[in-house]
Amino acid sequence: MTSNSPVFLKENEENNSKFMEIQQLQTTSIVSEDPLQNLHLASQEVLQKAQQSGRSKCLQCGGSRMFYCYTCYVPVENVPVEQIPLVKLPLKVDIIKHPNETDGKSTAIHAKLLAPEFVNIYTYPCIPEYEEKNHEVALVFPGPKSVSIKDISFHLQKRMQNNVRSDNDDNDRPSIKRKKTEGEGGCELNDSNWKGTTLKKIIFIDSTWNQTNKIFSDERLQGLLQVELKSRKTCFWRHQKGKPDTFLSTIEAIYYFLVDYHTDLLKEKYVGQYDNLLFFYSFMYQLIKNAKCSGDKETRKLIH
Ligand SMILES: [Zn+2]
C-alpha cells in the first residue's frame with residue numbers, strides 16, 4: 001500500500017485483508033467496461049472533502065465513521081445530510097439482513113440513506129408479516145419459480161383473483177386472508193379495485209449466499225412472488241469468492257431492479273431517475289479503483 005492511498009482504505013472497519021479486496025476488484029471488473037461510468041449523479045464533492053478529512057462523528061451515536069454511520073443509518077457530521085441526494089422511488093423497498101452480516105460492509109445502508117422514506121431495513125428473524133399482502137409484494141430471489149420483472153403485474157393479478165375466489169369459497173369461516181391489519185389502509189380484496197393493483201413493495205435479502213438461502217426458506221417468505229433480475233456483472237470490491245461476478249451487491253440489485261421496473265413494467269423511458277442510489281457506491285468504487293491504479297502502472301494503462 002502506498003503512502004498516498006485514500007483514507008477510505010486506511011479506514012477499513014474490518015480486519016479483512018485490504019489487499020485481497022483490491023486484488024478481487026482487479027480480477028472482477030477493472031479490465032471490463034465500467035457500468036458506473038455514465039451515471040447521472042449529484043456532485044460528490046461532499047464525499048471528496050469527507051474522504052480527505054478522514055473519519056467524522058455520527059451525530060446520533062457518537063461513533064467515528066467514514067461518510068455514514070452503518071448502525072444509525074445517517075450520514076456523519078462532515079457529510080451534511082442536505083448535501084446528499086434524495087432519491088424518489090416508485091415503490092417501497094424492504095431489505096432483510098442476516099444478523100451475522102457485518103453492518104459496515106453492507107451496501108443496503110446506501111439505499112436507506114438515499115431514499116429514507118421508501119426503504120426499511122429489518123434484521124432477520126424480525127421481519128414484517130407479508131402474507132395478507134402477497135398480491136402486492138414480491139421478493140427478489142433467483143429460483144426455479146422466479147418470474148421476470150415484466151411479468152410481475154400479471155402474476156400479482158392472478159394472485160389477487162385467487163385470493164378473492166378463495167374468500168368467496170369459504171365465507172363462513174374466518175379467512176386469514178380477510179383479516180385486516182390495524183393501521184393499514186390500502187387495498188382491500190374486492191372486485192372494484194383489484195384491477196388497478198400492482199406491485200407496491202419489493203423485498204431484498206441482504207446477506208451472503210448461504211445465509212440468503214436460510215432466510216429465503218422462512219415460511220413467512222415462501223408464499224411470495226419471486227422475481228429474478230436480468231444478469232448483470234457486479235462492480236463490488238467485496239465480491240464473494242467462488243461466486244460468479246453476476247452476484248450483485250445489494251445496492252446494485254436494488255438499482256438494477258428499479259431500472260428494469262421503470263422500463264419493462266412501467267414502460268417509461270429511463271433517464272437516470274434512480275442513478276443517485278449509487279451515489280456512495282460509485283464513489284467508493286472509484287476510490288478503490290484509483291488506489292489500485294496508483295500502485296500499478298500496468299493496470300492504469302489497461303483502463304485508459
Ligand atoms: Zn451512529
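## Ground rules

This is a predicted model, where local features need pLDDT of at least 70 and side-chain atom pairs count only at pLDDT 80 or more, while totals for chains, interfaces and linings use all residues. Residues are numbered from 1 along each chain as its sequence is written, and side-chain values use heavy atoms, leaving out hydrogens and water.

## The whole protein

You'll find 10 helices and 10 strands here. Helices (H or I, at least four residues) and strands (E, at least two) are DSSP runs, numbered from the N terminus.

Of the 304 residues, 50% are buried (under 20% relative accessible area, with exposed over 50% and partly exposed in between; 1.4 Å probe, protein chains only).

Have a look at strand 7, residues 137-140. V137 and L139 point one way, A138 and V140 the other, and all are buried.

Strand 7 pairs in the parallel sense with strand 9 (residues 201-206) over three bridges; pairing takes at least two bridges found by DSSP. Here V137 stands opposite K201. Strand 7 also runs parallel to strand 10 (residues 225-228), joined by three bridges, and A138 stands opposite L225 there.

## Out on a loop

N38 sits in the loop between helix 2 (18-30) and helix 3 (45-53). N38 counts as exposed because its relative accessibility is 66%.
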